[in-house]
Amino acid sequence: MELGRTQAYLGRCQVDDVRRCRERFGGVTLQGLGGLKIAKALARAGDLTGVDLDPATYRARPAKASNQLALPGMDIAPFDWIAAQAELGLPVVRTPGTRIRVGRVEELRAELDRDYPVDVTVMLALDAGWLGPRHIGTLEHELKVADRDVSLSFAAPVNPLDTRRRIDGLRRLLRWAADSRRGLELLRVDLSGLPAVIEGASVIAIGLGPSTRRVSVPLATRGAARAKPSPFVFVPRLLDWQRANVIGGLSNWNGAGLTYCDCAVCADAGQDLLRFDRPQDPKVAEEIRRHDELALSGVIRQIMSSDNPEAELKFRRVNAVQRAKAVSSSLNVELTAPPAWLDSWD
Ligand SMILES: [Zn+2]
């Protein structure tokens, strides 16, 4: 089976970011109206290859949050995302998409049934509960009946794929796509997109920032507002992100074998992620961003271009889980637990 495409999902960004990430990741998915503006700029320069768009209208809040000036009671025609993407000649035209709460079958069906003047991929932003045992059968059935190409994003407060059962649910959808020869794209994923693309996803778009690795759902905040948390840093040996201050907790053990990074940004700075545990300033944040992009694209390339991506990924994820568990059990450092896909995708 031919592998699908792996690319980067960018939120707010500039044209130069798109060019750089396209080079590093092989392609870029842009988000929303800001993304459309950048796509148009690239199109004017005749430089739109490897770029597509997620209208991401599922992120819009109801009514009031519209940015457009409106008279009370006046309807505004919804922006025509289909025409906008078709006119640009993008390789895939995605429907605007709407967030579908778990169990709302009528809404799901309505999205899947709608007719469009051109070939589209139907964008569905689904609550992660759809992947659980209670709802996955319904979801799979509706996809079968509709028989269309789909783009999926999953909504959750932290990690949509946080249990083995949800991973099993996603794998059922991947099997449906492979069996029916339908395109199944996963937008806004973390590295759990890699086993998915190995198993039949047509496109995965991995988010470069925490808010672009899922459709975020606000967590109920308890008590007083907390201080701004330490930023996330991609840790290649864990195939996951950890907060800089948590990584810093490993300094007594010289990083405990977890904090080495040989990306070009780190190579110039001692190859150790421990350096990111510093009082927050924009320079540190910018260096983390540059490290994340290089280290992440490097890891993806090493895995996906190896002779056997599946075996290579398996080797690395077993290793990542073992390292994380060893550190958590023997040292007094509270690493974020390894995400479920690392040891449940088997
Ligand atoms: Zn690095």
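Modeller: Buried area is the accessible area, taken with a 1.4 Å probe, that two parts lose on being put together, summed over both. The model here is predicted: local features need pLDDT of at least 70, side-chain atom pairs count only at pLDDT 80 or more, and totals for chains, interfaces and linings use all residues. Residues are numbered from 1 along each chain as its sequence is written, and side-chain values use heavy atoms, with hydrogens and water left out.

Colleague: How much area is buried between domain 1 and domain 2?

Modeller: In general, the size of an interface is often given as the accessible area lost when the parts come together. Here the figure is about 1,400 Å², and carbon and sulfur atoms give 74% of that. On the domain 1 side, Arg24, Leu191 and Ile198 lose the most area to domain 2, together 42% of what that side buries.

Colleague: Where do domain 1 and domain 2 run in the chain?

Modeller: Domain bounds come from an automatic or database domain assignment. That assignment gives domain 1 as 5–61 + 82–216 and domain 2 as 232–333. Their C-alpha centres lie 26 Å apart. Contact means heavy atoms within 4.5 Å; 16 residues of domain 1 are in contact with 16 residues of domain 2.

Colleague: Which residues touch the most other members of the largest nonpolar core?

Modeller: A nonpolar core is a set of buried Ala, Val, Leu, Ile, Met, Phe, Trp, Tyr and Cys residues joined through side-chain atoms within 4.5 Å. Buried means under 20% relative accessible area, exposed over 50%, and partly exposed in between (1.4 Å probe, protein chains only). The largest core has 96 residues, and Leu30, Leu124 and Leu191 touch the most other members. Its largest share, nine residues, comes from H10. Both domain 1 and domain 2 give residues to this core, so it lies between them.

Colleague: What are the protein donors of the zinc ion?

Modeller: Donors are N, O and S atoms within 2.8 Å of the metal (3.2 Å for Na, K and Ca); water is not among the atoms, so sites may look incomplete. The zinc ion has Cys261 (SG), Cys263 (SG), Cys266 (SG) and His291 (ND1), lying 2.1 to 2.3 Å from it. Their spacing in sequence is C-x1-C-x2-C-x24-H. Helices (H or I, at least four residues) and strands (E, at least two) are DSSP runs, numbered from the N terminus. Cys263 is in the loop between helix H8 (244–248) and helix H9 (264–267), whereas His291 is in helix H10 (residues 282–304), and this pair, 28 residues apart, links distant parts of the chain. Cys263 and His291 are both buried.

Colleague: What is the geometry of the site of the zinc ion?

Modeller: Four donors count as tetrahedral if all angles lie between 85 and 135 degrees. The angles among the four donor atoms are 104 to 114°, and the site is tetrahedral.

Colleague: Is Asn254 buried or exposed?

Modeller: Asn254 counts as exposed, at 66% relative accessibility. Asn254 sits in the loop between H8 and H9, and its phi is near 55°, a positive value in a residue other than glycine. Gln271, in the loop between H9 and H10, also has a positive phi, near 60°. At 27% relative accessibility, Gln271 counts as partly exposed.

Methods
Tetrahedral: all angles 85-135°; square planar, octahedral: opposite > 155°, others 65-115°.
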